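Please read these notes with the model open beside you. They are meant to be checked point by point against the structure.

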Amino acid sequence: MTDHALVHDDHEHGPDPRFFWRWLTTTNHKDLGALYLWLSLLMFLVGGMMALVIRAELFQPGMQLVRPEFFNQMTTMHALVMIFGGVMPAFVGLSNWLLPVMLGAPDMALPRINNWGFWILPFAFTLLISTLFMPGGAPAGGWTMYPPLVLQTGPAFPFLIFAVHLLGISSIMGGINVIATILNLRAPGMSLMKMPLFAWSWLITAFLIIAVMPVLAGAVTMLLTDKYFGTSFFNAAGGGDPVLFQHVFWFFGHPEVYILILPAFGIVSHIIPTFSRKPLFGHASMVYAMAAIAFLSFIVWAHHMFTVGLPLAGMLFFMFATMIIAVPTGVKVFNWTATMWRGSLSFETPMLFALGFVFMFTIGGFSGLMLAMAPVDFQYHDTYFVVAHFHYVLVPGAVYSIMAAVYFWLPKWTGHMYEERLGKLHFWLSTIGVNLTFFPMHFSGLAGMPRRIPDYALQFTTFNQISTVGAFMFGFSQLLFVYIVIKCVRGGQKATAQVWEGAEGLEWTLPSPPPYHSFTVPPVVH
């Protein structure tokens, strides 16, 4: 039976059940990459709608649209859906699609685990989102799930914990698969240091995932036993300590932040050289910088906890260790800038998103350096300044890099060229929206506006109104992105080997270091 017949049966009998069976049982890395990417797009839109509920309520002071407890449920669910549903599956999807092609491997090393790792996710997110419809509603303790607040959740609580376990299992299986593929299935002659940087970024990320996901599993299991089995891990009345949960959680949570950004470094390290017509500056130093960032991410977790009463020596250690992370991060930003220096730059959509990443991720890095200073963190902690900081890292950071990757490799995936004019429009609408949303939060945070509170003092009204307008602008501009992707998948102008005009043999990705090509590009027939 032809592929076409598998996809389209005659109209009288409806869709062929074999079509669904094929996608359910597929172990092909490209199919699974596509499934991950579509799921992440869906979750990105769901999480975005939750964010718009939050921003609509904050448009003016007072309570307008939702109850305070529902507002806090939205902040909790928005974060969990975006982190575990929007960003992580997108990066796993990109690794599925690209790693075998970049490494010269026939497929991922563990194809059935690959399939299982994906199909756990729809069930996990169904469980997670279903908590909104249970008696008492979803957890309202923030994505950090701090006790004792989160233990006040009703019958939805075990569903939350089980969903988090499933998400962790999926991530660990993805991480094991990436490590097995990179270490065992590289093409002959491709040593580790000859690997493209996207592969390196994922190798490092996979070790982080395997190291810290079980820590999260342990933390939430202890929460479960505290609530239902009479233990007192985090219950002060029984001799436990709620601050212990923060230590365990952030030992997972800080490396998790780098799980969300390291693959982005790899993506941007492919796109900037391509549109600069130059090899990447400092390939080896980029690898060492990523490894240093990953190592340091394990020893800085308590910078999230400067206000809990740490001893002075502890605060000093975590302050200096956090500041040191700025060094390898600065190396990466310097290398991207040096790659563009005196290059023959062109500004197609992937390059615009990569440049947006570099500029705005750097803003997030600077505000992170401010938050690293224990004395001033007493002022910033749990204000909107923190919200501004991590959204500048994760939206123009992680999300922009995913969009850059989609625009960059979509012609390779589909055989069709996306519409460049619409891609640029999507970039500019998104960038204006992102900055309108999050830049004012720096000022309201510095003035002391607390986060996760649905009401606020009158003097913060203007900043919040600007943020809400920006959030709706950013949110609705993503519908344009969905339209561009679907239009490209369905057809359009054929992508050629020279799809990036004037790239002179650097069509799909620049090898780093040269002359090893990540993709074999057929010669152009004149």
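1. Confidence. This is a predicted model. The mean pLDDT of the chain is 91, and 92% of the residues score at least 70. Residues 1-10 have a pLDDT below 50, and that stretch has 10 contacts in the model beyond near neighbours in sequence. Residues 501-525 also have a pLDDT below 50, with 64 contacts in the model beyond near neighbours in sequence.

2. The second largest pocket. How much space lies in the second largest pocket? Its volume is about 630 Å³. The lining has 24 residues, and L37, W38, L410, W413 and V485 are the closest to the centre of the pocket.

3. Where that lining comes from. Four helices each supply at least two residues to the lining of the second largest pocket: α3 (29-57), α4 (68-103), α15 (384-414) and α17 (461-490). The largest share is that of α3, with eight residues. By class, the lining of this pocket has 18 nonpolar, four polar and two charged residues.

4. Cavities. The model has four cavities of 30 Å³ or more.

5. The largest cavity. The volume of the largest cavity is about 90 Å³. Its lining includes Y36, F84, M88, L121 and W202. Helices α4, α6 and α7 (197-228) each give at least two residues to this lining, and α4 gives the most, four residues. Which classes make up the lining of the largest cavity? Nine of the residues are nonpolar and two are polar, with no charged residue among them.

6. The second largest cavity. This cavity holds about 60 Å³ of space. Among the residues that line the second largest cavity are Y36, V92, S95, N96, N114 and N177. Helices α4, α5 and α6 each give two or more residues to the lining of the second largest cavity, and α6 gives the most, with four residues. The lining of the second largest cavity has six nonpolar and six polar residues, and no charged ones.

7. Helix α17. This helix has 30 residues. From its first C-alpha to its last, α17 reaches 44 Å, close to the 44 Å expected at 1.5 Å a residue. Just after α17 comes G491, with a positive phi of about 155°.

8. A cis peptide bond. Which peptide bond is cis, with omega near 0°? The bond from P147 to P148 is. P148 sits in the loop between α5 (111-130) and α6 (157-184).

9. Positive phi at two arginines. R277 is not a glycine, yet its phi is positive, about 55°. The place of R277 is the loop between α9 (262-276) and α10 (283-296). R452, likewise not a glycine, has a positive phi of about 65°. R452 lies in the loop between α16 (420-446) and α17. R452 counts as partly exposed because its relative accessible area is 25%, between the limits of 20% for buried and 50% for exposed.

Technical notes:
Residues are numbered from 1 along each chain as its sequence is written. This is a predicted model: local features need pLDDT of at least 70, side-chain atom pairs count only at pLDDT 80 or more; totals for chains, interfaces and linings use all residues. Side-chain values use heavy atoms; hydrogens and water are left out. On a 1 Å grid over the protein atoms alone, a cavity is a set of points where a 1.4 Å probe fits but cannot get out, and a pocket is an open set with protein on both sides within 12 Å along at least five of seven lines; lining residues have an atom within 4 Å of a point. Grid points are joined across faces, edges and corners, and a volume is the space filled by probe spheres set on the points. Ala, Val, Leu, Ile, Met, Phe, Trp, Tyr, Cys and Pro count as nonpolar, Asp, Glu, Lys and Arg as charged, and the others, Gly among them, as polar. Buried means under 20% relative accessible area, exposed over 50%, partly exposed in between (1.4 Å probe, protein chains only). The expected span of a helix is 1.5 Å times one less than its number of residues. pLDDT is the predictor's confidence in each residue, from 0 to 100. Contact means heavy atoms within 4.5 Å.
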